[in-house]
Structure formats: C-alpha cells, structure tokens
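Let's take a walk through this structure together, one feature at a time. Have the sequence and the 3D view side by side as you read.

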Amino acid sequence: MMRVASKGLRNISRTWPQLVAADLATRVAAILLIAPATSYVVGKVLASAGGGALTDQDILRFVLSPLGFGIVLAIGAASALAGLVGQTAIMTVVAGVEEARAVTWLDGMRHAAHRFISVFEMAFLALVRLLLDAAPFLLLAGGAYMLLLRRYDINYYLTQRPPNFWIAGLLIAIAVAGIVWFAGRRLLGWAVALPRMLFGGASPAGALQESSRLTAEHRSQVLTLMAIWAGATLLLSTLATGSAGLLGRYLVPEATANLAGAAAGIALAVLIATVANLLVSMASTISLAVFLFELDRRWSEPWTLPKEVTATPVS
C-alpha cells in the first residue's frame, strides 16, 4: 500500500494545480446548491417555534417530523453527491496523468457532468442501503428519546440526570455504535465503487457489488491505506489548528489595551485558521480520490478511458 500511496503522491505533484481547481469548482457549486436549502431549514425551524427562542426540543421535533427528516436527508444526500462529483472530476484529471494526457480541471468537470446521472444513481442506491442498515438503530434511538426523554427539556436531563437519562443514554450509545459499525463496513466495501463505474464500465449497482467483492479480497490493504490517509489528515489538521492558535496568541496579547488592534488581530487569526483548514480539507479530499483511483488501477480489469482523456494528448 505504500507503493499505491507514493504513486498517488507523485501524480498529485505532477498536476496539483488542475486537481486544486477541480476541487474548488465543486466546492463552490456545492455551496451555491446547499446554502439555500440550509437557510430554508433554519427558517422552517424558526417558524415552528413561533418566532420565539428555540429550544433543543423544537429543533429535534422538526428534524423528526416527515418534512424535517426529508429536508435534512436531502441536504445530506446533496452534500454526498457534491463530494462524489468532485471525486469524479479529480479522478478524471489523474487518469490523464496516468496516460500522459493533458487533462484540465474543466475536462474533469465536463466528464463529471456527463456522468452525473450515473453518479446520482449510485449515490441513491448507496443511501438506500445505508438507511436500511441504520433503520433498526434509528428506531432504537428514536424510541429511547420518545419514551424516556420527551417529558422535559433536554437541559433538565443534562442537569438533573435522572435514571431515565442514563437508560436512554445507554440505548442511544448502542444505537450510535451499531450505525458506525455497519455503515463503516459498508462504506469501506464501496471504496472503489466510483472508479469502477467511471473507468471499469460497471453499472451503478454493479460498481457497488464489484467494489464490495474487491475490498473483501483485499480488506487489510484498504484498511492500511485508509489508516495512512486518516493519520496524515489528522496530523495536518492538528498542525494547522495549533499553528493558528499560536499565531492568534501572538497577534492578540492577553494584556492588550488597544481594542481596534485586538479586533484586527483576531480577524487575521481567524482568516489564517480558515485558510489553513481549507487547505487541509482540499489536500485530504484530493489525496483520497487519487489513492482510491490508484487502488482501482492496481486491482481491476477492464479499465477504459473517458473521451475527455483520450481526446487530449500531451503536446
């Protein structure tokens, strides 16, 4: 797996401007799509509270209603779909590197748009499967809340901690652990579903099945690669957050008497922290897409190129 990771990093170094541009383009598109929906949800929650102060029960009541659950599910699905579209564009650019073709971020986005329906279908099938897996645990958590925590505001239970609170907490913890375990295994099994569909000629449903078969045969390799990726992401995130914190303490001394200077220092520290975390997020997203692409190349046949790659030879 170190060879897969090292090859992926070499490909990133050879075309990183195009990969960054592809990732940024999909992030902007996702924000433009998801932000209005999120604002709509907030407005609905405020309306359900009658314009007054929101309580935890107001929020939970709306989320558990048919409309609220559907909206939250749609936002989550749209976020996942945006991520898959971005991964499609990134993988297309990397495919060009593999074949010595000059593929730009725009070519990657064009291929993502061309395959959007297939990507949507695969995301929908995966979501349905995850919901079916999670359904018993969601019912357990929901039942625990309805039977044991509905009588008073959640702040009462957090403060007084009656026996019902501990029983409900145990049941909800069991439900969360079950969801994490089964969803984690399912998502790990689908590690190479997207490249199988994009470059292996598989249908959306067939790609999920083929990916599950391949990862079952090479589970230790997938776990090793995911551990390398997750560890590197955690390290970079920790360094970025820690560096921003140290810089903030330097820019805003505790004993400063200049409020304007303190405000400017805080704003600059927040800006630096935001940019640093964005860079870490982009590096994580790009490296994950490239690593999964390399896994598919290592394991699978057949492997075909989209027209956006074959039509653009390096001059």
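A word on residue classes comes first: Ala, Val, Leu, Ile, Met, Phe, Trp, Tyr, Cys and Pro count as nonpolar, Asp, Glu, Lys and Arg as charged, and the others, Gly among them, as polar. What you see is a predicted model, in which local features need pLDDT of at least 70 and side-chain atom pairs count only at pLDDT 80 or more, while totals for chains, interfaces and linings use all residues. Residues are numbered from 1 along each chain as its sequence is written, and side-chain values use heavy atoms, with hydrogens and water left out.

Let's begin with the overall fold. The protein chain has 12 helices and zero strands; here helices (H or I, at least four residues) and strands (E, at least two) are DSSP runs, numbered from the N terminus. Of the 315 residues in the chain, 35% are buried, where buried means under 20% relative accessible area, exposed over 50%, and partly exposed in between (1.4 Å probe, protein chains only). The accessible surface comes to about 17,400 Å², and 70% of it belongs to carbon and sulfur atoms. Such areas come from the Shrake-Rupley method with a 1.4 Å probe, and for residues only the protein chains shown count as cover. Contacts (heavy atoms within 4.5 Å) also say something about the fold: among those between residues at least 6 apart in sequence, 77% join residues at least 24 apart.

Now turn to the second largest pocket. Rolling a probe the size of a water molecule over the atoms shows where empty space is left. On a 1 Å grid over the protein atoms alone, a cavity is a set of points where a 1.4 Å probe fits but cannot get out, whereas a pocket is an open set with protein on both sides within 12 Å along at least five of seven lines; lining residues have an atom within 4 Å of a point. Grid points are joined across faces, edges and corners, and a volume is the space filled by probe spheres set on the points. The second largest pocket holds about 170 Å³ of space. Which residues line the second largest pocket? They are Asp133, Phe182, Arg185, Arg186, Gly189, Trp190, Ser212, Thr215, Ala216 and Arg219. By class, that lining has three nonpolar, three polar and four charged residues. Helix 7 (163–189) and helix 9 (204–217) each supply at least two of the lining residues, and helix 7 gives the most, with four.

Next come the charged pairs. Side chains of opposite charge can pair when their charged atoms come close. Counting a salt bridge as a side-chain nitrogen of Lys or Arg within 4 Å of a carboxyl oxygen of Asp or Glu, the structure holds 10 of them. One of these joins glutamate 98 and lysine 7, with the closest N and O atoms 3.5 Å apart. That pair links distant parts of the chain, since glutamate 98 sits in helix 3 (residues 66–98) and lysine 7 in helix 1 (residues 2–48), 91 residues apart. Lysine 7 is partly exposed, at a relative accessible area of 32%.

Arginine 213 is partly exposed, with a relative accessible area of 40%. Elsewhere, salt bridges that share partners join Lys7, Glu98, Glu294 and Arg297 into one network.

Is aspartate 23 buried or exposed? Aspartate 23 counts as buried, at 3% relative accessibility, whereas arginine 27 is partly exposed at 22%. Not counting residues up to four places away in sequence, arginine 27 touches Leu278, Ser281, Met282 and Thr285. Arginine 27 and methionine 282 are 255 residues apart in sequence, yet 9.6 Å apart in space, C-alpha to C-alpha.

Arginine 115, in the loop between helix 4 (105–114) and helix 5, is buried, with a relative accessible area of 16%. Leaving aside its neighbours within four places in sequence, arginine 115 is in contact with Met197 and Leu198. Proline 136 is found in helix 5 (residues 116–148) and is partly exposed at 48%.
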